[in-house]
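Good morning, and thank you for coming. Please look at the sequence and the model on the screen while I go through the main features.

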Amino acid sequence: MAGLIDFISRKLFSTPEAIKEPDALRIGILGAASIAPAALINPARSHPGVVITAVAARDRTRADKFAKQHGIQKVYASYQELLDDPSIDAVYNPLPNGLHYEWTLKAIKAGKHVLLEKPSCNRAEETRRVFDYAKEKGVVVLEAFHYRFHPSAHRLRQIVSSGELGTIQSLKGALTLPRGIVGADDIRYNYSLGGGSLMDGGTYPVSFVRFLTFAEPVSITSAHARPAPDARVDVGTIATLAMPGDVSATIECDMALPPRFWIVPRMFDMGMTVKGDKGEATLFNFVLPMLYHYITVKTKDGKSRTEKVYVPPSTEGEWECWPKAEASWSTYRYQLEAFVDKIQGRKPHYWVEADDSVKQMEAIEQIYAKSGLGSRPASTFVL
Ligand SMILES: NC(=O)C1=CN([C@@H]2O[C@H](COP(=O)(O)OP(=O)(O)OC[C@H]3O[C@@H](n4cnc5c(N)ncnc54)[C@H](OP(=O)(O)O)[C@@H]3O)[C@@H](O)[C@H]2O)C=CC1
Ligand SMILES: O=C1OC[C@@H](O)[C@H](O)[C@H]1O
């Protein structure tokens with residue numbers, strides 16, 4: 001999946017290499033993770049204020065190969081060695097979910113800012129501790145919910161908030177992948193590493209529902225998990241969240257949707273539909289909108305329209321502090337812009353606040369509790 005995203009980003013959305021500023025932020029990567037090129041290395045190329053200077057992997061040969069492939073100068077054979085390098089300002093943590101807590105705390109202890117992959121941790125309590133510690137140490141930590149930095153997500157929220165759809169009644173969002181994309185040995189199927197579909201794709205529709213409604217679930221009405229061979233791991237989950245004001249939100253995630261009627265292959269679904277008493281709006285592909293997306297708005301007076309929002313549609317109102325983006329900017333490029341702005345004391349165009357990340361994990365844990373699978377294991381790491 002990450003390889004596919006990376007290939008498409010490089011082929012279709014590569015942006016010119018920027019001339020780097022002398023005081024560019026030096027970022028190191030913890031792990032030769034598949035998502036790192038798409039989420040950080042490629043976006044960094046066009047950012048004048050960022051240089052990817054180091055990578056660490058548990059295996060030196062793997063780190064060497066990764067560094068050579070991506071033109072990264074320094075290589076470390078352990079994550080701690082990279083954290084001990086005083087020339088590194090910030091780290092990207094794309095480790096398996098169950099290691100996010102430990103290595104983010106260690107990075108903060110080393111005085112590094114952290115771009116932390118989603119989901120922030122296995123448990124809300126761990127997320128809270130991470131952000132409290134970051135505050136104490138005066139460093140920036142950002143949960144990498146990249147889709148939220150792209151203008152398409154904000155445009156849908158603007159439509160919902162404008163009242164055009166009337167009183168909101170329901171939302172339906174998904175991130176489902178057809179069978180064959182995620183291998184059986186993938187970290188996503190490993191319970192002790194924080195695996196599970198809800199922890200993976202499911203975090204997106206949960207996060208987007210919370211973003212669009214400016215609210216937290218009042219309760220979880222229902223949650224059904226389709227178990228993996230390790231029954232503590234969900235291959236897929238479907239849940240209904242009761243949101244304030246009688247709004248019902250259905251979220252679906254799946255890492256291996258079987259073909260329909262055994263033969264008809266399934267498509268990716270990364271959409272969100274919001275229905276109100278005056279109309280409805282759908283954002284097709286809210287997760288990776290840079291590849292392709294559209295927003296359709298249909299109102300009960302018979303009108304309909306389609307919008308595509310690759311760059312901020314205006315320079316006024318809520319768009320005022322958005323960067324001068326190019327249409328080729330990915331969600332990750334927008335996210336990197338905000339991460340650097342925050343560290344360098346500028347106002348980012350959008351930010352995922354600490355409390356938002358904590359509440360996100362609370363919602364994930366509540367859904368797991370309702371499905372009967374329970375939260376992913378708490379980290380045993382003590383700082
Ligand atoms: N924002 C986004 O769009 C996406 C985010 N993600 C998130 O990024 C993270 C990584 O995902 P992905 O890149 O697909 O995963 P990978 O399996 O490709 O990478 C995980 C990395 O973790 C390291 N690692 C450390 N300990 C272990 C262990 N015990 N078992 C396995 N790996 C270990 C490995 O590093 P080493 O090189 O040292 O061996 C590996 O490179 C997850 O949190 C996931 O949710 C994933 C995809 C998309
Ligand atoms: O963007 C994504 O889509 C597919 C998932 O497996 C991945 O972890 C997620 O971040």
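In this predicted model, a side-chain N or O atom of Arg 188 lies 2.9 Å from an oxygen atom of ligand 1. I call this a polar contact, by which I mean a pair of N or O atoms within 3.5 Å; within protein, one atom must be able to donate a hydrogen and the other to accept it, and residues adjacent in sequence count only if both atoms are side-chain atoms. Tyr 79 also reaches the ligand: one of its polar side-chain atoms is 2.5 Å from an oxygen atom of ligand 1. Ala 33 takes part through its backbone, with a polar atom 3.2 Å from an oxygen atom of ligand 1. How much of the ligand does the protein cover? On its own, ligand 1 has 890 Å² of accessible area, and the protein covers 86% of it; such areas come from the Shrake-Rupley method with a 1.4 Å probe, and for residues only the protein chains shown count as cover. There are 24 residues around ligand 1, and those that come nearest are Ser 34, Arg 62, Tyr 79, Asn 97 and Tyr 332; a residue is near a molecule or strand if one of its heavy atoms lies within 4 Å of it.

A word on conventions. Residues are numbered from 1 along each chain as its sequence is written, while chains are lettered from A and ligands numbered from 1 in the order in which they are written. Local features need a pLDDT of at least 70, side-chain atom pairs count only at pLDDT 80 or more, and totals for chains, interfaces and linings use all residues; side-chain values use heavy atoms, with hydrogens and water left out.

As for confidence, the protein chain averages a pLDDT of 96, and 96% of the residues score at least 70; pLDDT is the predictor's confidence in each residue, from 0 to 100. For the complex, the predictor gives an ipTM of 0.98 and a pTM of 0.97.

I turn now to the sheets. Helices (H or I, at least four residues) and strands (E, at least two) are DSSP runs, numbered from the N terminus, and two strands pair if DSSP finds at least two bridges between them. One open sheet has six strands in the order β3-β2-β1-β4-β5-β6, with parallel pairing. Its edges are β3 (74-76) and β6 (141-143); each has a single partner strand, so one side of each is left without a neighbour in the sheet. From one strand to the next, the twist averages 25°. Strands β2 and β3 run parallel and are joined by three bridges, and Val 55 stands opposite Val 75 in β3. Helix α3 (residues 60-70) packs on this sheet, touching β1, β2 and β3, and its direction makes about 160° with that of β3. Contact here means heavy atoms within 4.5 Å; axes are lines fitted to C-alpha atoms, for helices over the stretch in contact, and angles run from 0 to 180 degrees between N-to-C directions.

The other open sheet I wish to show has eight strands, in the order β8-β9-β10-β7-β11-β12-β13-β14, and its pairing is mixed. Here β8 (219-227) and β14 (304-307) stand at the edges with a single partner strand each, so one side of each has no neighbour in the sheet. The twist averages 10° from one strand to the next. Six bridges join β12 to β13, which run antiparallel, and Ile 295 in β13 is the bridge partner of Leu 283.

Lastly, which peptide bond is cis? That from Lys 118 to Pro 119 is cis, with omega near -10°, and Pro 119 is found in the loop between β5 and α6.
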